[in-house]
Amino acid sequence: MVTVTVTAKFHNPSLSRRKEWQHASGLYRDTKQFCIDGWKNGDFDKSVTTASIDNDLYSAIQNQAIREAKSDHNKDGDVRYRESQPFAVNNQNWEIDTTENGTVVVGFPCVSQWWYTPIEVYDDIADPVDRLVEGDAKKTRLQVYRRSDDWFCTFNIEYDADTSGETPIGVDIGERHILAVTAYGDGESMLVSGGEAKYVRRNYRSLRDSLSEAGALRARNRVGNKEQRRITDLNHKLSRRLIAFAEQFENPVIRMEDLEGVRENSSWSGVHSWHFHQLQQFITYKAERAGIRVEKVDAYHTSQRCSACGSMGTRDGDHFSCSECGRGRHADLNASENIAQREGEPCTA
C-alpha cells in the first residue's frame with residue numbers, strides 16, 4: 001500500500017467562497033473548544049453529538065470537529081485552540097472530479113452549500129490525483145486552510161502499487177556514520193561521516209557548560225538556538241544528498257529504521273539527544289516531493305545479522321564479519337542492506 005500526502009492550492013476562489021471558508025474555520029475552532037470546555041466542566045459526556053452543536057456548519061464537519069476534539073482531550077494538558085484552525089471533513093463527505101476541459105475540482109460541504117472549486121495540480125501530485133479521480137485509489141479526510149491570501153486543501157491518497165522493478169534504498173542512521181545507504185541489488189552505496197554533527201554538538205555542549213558555570217543563562221540559551229540551527233541546516237543538506245542518491249535508480253523506495261525502537265533499546269546514550277527524528281522527517285518530506293515512497297521497518301538486529309545469509313555475525317568497529325558464509329562488510333552498510341531487504345509500513349511527513 002502506497003500513501004501519498006497531497007497538498008494543493010485552490011485556483012482563484014471567489015470572494016464569497018473565501019469569506020465562507022474563513023467563517024467555517026472560526027466555527028470549526030469554536031466547535032472543538034465547545035467540546036473541550038464541556039468535557040472539562042462536566043457539562044456533557046464523551047457521547048456528545050451534533051445535536052448539541054449550535055452553529056451552521058454541515059453536520060459532517062461538526063462530526064469531524066467532535067472526533068478531533070476527543071483526540072485532543074485525551075492528551076495531557078489544557079487544550080486551547082489558536083485563532084487559525086483548518087476545518088476538515090471525513091473521507092466519505094468530500095469529492096474530487098474533473099470537468100469537461102480536464103480541470104480537477106474538489107467539492108465539500110461548508111456552511112451554506114457544497115463548494116466545487118478547481119485545484120492547481122502540479123507535476124509531483126499529478127499521478128496520485130489521477131489515480132484517485134479514476135477510482136484506482138482511496139482518499140482520507142480533507143482539510144481546508146488559509147495561508148496568507150491563498151487557500152489550500154490537503155489529504156492522503158492510498159493505493160496498491162506494483163513493487164516489481166523497484167530499487168530498495170536502505171538507510172542506516174548512526175553515530176560514527178550518520179548515513180549509511182545501500183541501493184540493494186545495484187551494488188551502489190554511500191557513507192556519510194557523523195563527524196560534523198558530533199563536533200557541533202560537542203562544541204556547543206562545552207560552550208553551554210562554560211556559560212552555565214559563569215551564570216550567563218541568557219547567553220547559554222542563545223547558544224542552544226545556534227546549535228539547533230546548525231544541526232537543522234546539516235539535516236537539510238543530508239536529506240537532499242540522500243534524495244539525490246536515490247533518484248539515480250529506477251523506481252526507488254527508501255526504507256529506514258523505526259527509530260522509536262532504537263531510542264528505547266540503544267546502549268548509546270547520545271541516541272536520545274541527536275536530531276535523528278528531524279533527519280527522518282526531512283528525508284520523508286523531500287522524498288514525497290520527489291515522488292519517492294518511504295517506509296519504516298523493524299530495527300531489530302539490523303546491525304547484528306549478516307545481510308547475505310541472515311546469520312548472526314560479529315562487529316569489530318566498522319567491520320562486520322559472518323562466520324557462517326565468510327562474508328566481510330562495512331558494519332553500517334551491512335545494516336543498511338538488512339534494512340533495504342525488509343518490507344515496512346509506508347510513512348508520510
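The charged end of Lys286 sits over the ring of Phe282, 5.0 Å from the ring centre; this term requires NZ of Lys or CZ of Arg within 6 Å of the ring centre and within 35 degrees of the ring normal. Lys139 places its charged end over the ring of Trp94, at 5.2 Å from the centre.

The model is predicted: local features need pLDDT of at least 70, side-chain atom pairs count only at pLDDT 80 or more, and totals for chains, interfaces and linings use all residues. Residues are numbered from 1 along each chain as its sequence is written, and side-chain values use heavy atoms, without hydrogens and water.

I turn to ring pairs. The whole structure holds twelve aromatic pairs, meaning rings of Phe, Tyr and Trp (its six-membered ring) with centres within 6.5 Å; planes under 30 degrees apart are stacked, over 60 edge-to-face, and the rest tilted. One of them is the tilted pair of Phe10 and Phe108, with 6.1 Å between centres and 50° between planes. Phe10 lies in the loop between strand S1 (2-9) and helix H1 (15-41), and Phe108 in strand S4 (residues 104-109), so this pair ties together parts 98 residues apart in sequence. Here helices (H or I, at least four residues) and strands (E, at least two) are DSSP runs, numbered from the N terminus. Phe10 and Phe108 also belong to one aromatic cluster with Trp21, Phe87 and Trp151.

Finally, Thr117 lies in strand S5 (residues 114-118). Its side chain joins that of Arg17 in a polar contact of 2.7 Å (N or O atoms within 3.5 Å; within protein, one able to donate a hydrogen and the other to accept it, with residues adjacent in sequence counting only if both atoms are side-chain atoms).
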